[in-house]
Amino acid sequence: MREKVSNTALSDKYFVFDELNNDKVMAVYSKKPMDFNTAVIGQEGRRRLYETIQEDLQYRFRKAARVSQVHGDRVVIVNEENLDDVIGEADGLLTDLKGVSLEIRTADCQSIFLYDPVRGVIGNVHSGWKGTLQGIAVKAVDLMIRAYGCRAEDIEAYINPSILKESFEVEDDVIGQFRAVVDVEKYAEPTGIVDGRQKYHMDTAAINRDALTAAGLRPENIHESGIDTVTHRDVYHSYRGDAHAAGRNGSLICLR
């Protein structure tokens, strides 16, 4: 039995999955006005963010690991040899090191936490529509199995607030790419023709959920926030909602 840590004090500043807030692991997804857009806040702003988060969590990280996100499918293992501030270009991180937070920054894209409580392994994956198309979440699970000896049935997945189906409008160019990897009709709903172009609403959260299930995760171990960052852009940063003025939501997961 994992002892849960009260998240009452965190709820004003962060979205928190109760299952990831205990004596073994902690994870938060920031709300406004926190902004992880380092191009705007700079390194000093990021340092102050971490000071606030550590004070809120009453925990000091040994290291805060992050990557240069490129909307790809590369997942890196964070170990003692590569504990740099930025570990190259990638969109997923895994580790079994305690005290090392894994950071992903999003503004509508999905941040997916992965956790194996048996092996003591965590992951954080950036899965926008391009990452979803490339199956990065499943590739992270595969790497957990190969590198750490995890079993799919032990792994838990948590899909943080992100753009949801009714807000994610796409056209045939995106639909055509997904046709090669999923049953598009199951996840995309035509919404009409505008200026001669067919529009669709696409459910990328459902695509990732079903892909993780097919990879062997138990359905009851896949958790979704159900929060749409576009319709809740008063609380979360949203690129679709705020365009180039959008900040970035920060998601962090760390083994205690």
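In the predicted model, tyrosine 29 has serine 251 of β15 as its bridge partner. This pair belongs to the contact between β2 and β15, two strands that run antiparallel and are joined by 5 bridges. Serine 251 is also the bridge partner of isoleucine 104. The corresponding pairing, between β7 and β15, is likewise in the antiparallel sense and extends over 5 bridges. Strands of a sheet pair through backbone hydrogen bonds, either parallel or antiparallel.

Strand β15 is largely enclosed by the rest of the structure, because 7 of its 7 residues are buried. In a regular strand the side chains alternate between the two faces of the sheet. Asn249, Ser251, Ile253 and Leu255 point one way from β15, while Gly250, Leu252 and Cys254 point the other way, and all of these residues are buried.

Strand β15 also contributes to the largest nonpolar core, which has 26 residues. Within this core, the residues with the most contacts are Leu20, Val78, Leu93, Leu102 and Ile253. Two or more residues each are given to the core by β2 (25-30), β3 (63-68), β7 (100-106), β8 (110-116) and β15 (249-255). In soluble globular proteins, nonpolar side chains tend to be buried together.

An open sheet is formed by 6 strands in the order β4-β6-β9-β8-β10-β14, with mixed pairing. Its edge strands, β4 (75-77) and β14 (222-224), each pair on one side only. From one strand to the next, the twist averages 15°. Inside the sheet, β8 and β10 (residues 156-159) run antiparallel and are joined by 4 bridges. Leucine 114 has alanine 157 of β10 as its bridge partner.

Helix α3 (residues 136-148) packs on this sheet and touches β4, β6 (92-95), β8 and β9 (121-127). The direction of α3 makes about 155° with that of β9. Helix α6 (residues 204-214) lies across β8, β9, β10 and β14, and runs at about 170° to β14. The two helices also pack against each other, at an angle of about 30° and with their axes 9 Å apart. Angles under 35 degrees count as roughly parallel, and α3 and α6 are therefore roughly parallel to each other. The crossing in which α3 passes α6 is right-handed. At this contact, Ala137, Val138 and Val141 of α3 meet Asn208, Ala211 and Leu212 of α6.

A further antiparallel pair consists of β12 (residues 188-194) and β13 (residues 197-202), joined by 6 bridges. Valine 194 stands opposite arginine 197 of β13. The hairpin of these strands has 2 residues between them, and in this hairpin aspartate 195 takes a positive phi near 50°.

Several loops show particular backbone geometry. Lysine 32 and proline 33 are joined by a cis peptide bond, with omega of about 10°. Proline 33 lies in the loop between β2 and α1 (38-57). In the loop between α1 and β3, glutamine 58 has a positive phi of about 55°, although it is not a glycine. Glutamine 58 is exposed, because its relative accessible area is 73% and the cut-off for exposed is over 50%. Alanine 243, which is not a glycine either, has a positive phi of about 55°. This alanine is found in the loop between α7 (239-242) and β15. Alanine 243 is partly exposed, with a relative accessible area of 36%.

How values were computed: Residues numbered from 1 in each chain as written. Predicted model: local features only at pLDDT ≥ 70, side-chain atom pairs only at ≥ 80, totals over all residues. Heavy atoms only, no water. Core = buried A, V, L, I, M, F, W, Y, C linked by side-chain atoms within 4.5 Å. Buried < 20%, exposed > 50% of the residue type's maximum accessible area, 1.4 Å probe, protein only. Pairing = 2+ DSSP bridges. Axes fitted to C-alpha atoms, helices over the stretch in contact; angles between N-to-C directions. Contact = heavy atoms within 4.5 Å. Parallel < 35°, antiparallel > 145°, perpendicular 65-115°, else oblique. Left-handed = near helix turned anticlockwise from the far one by under 90°.
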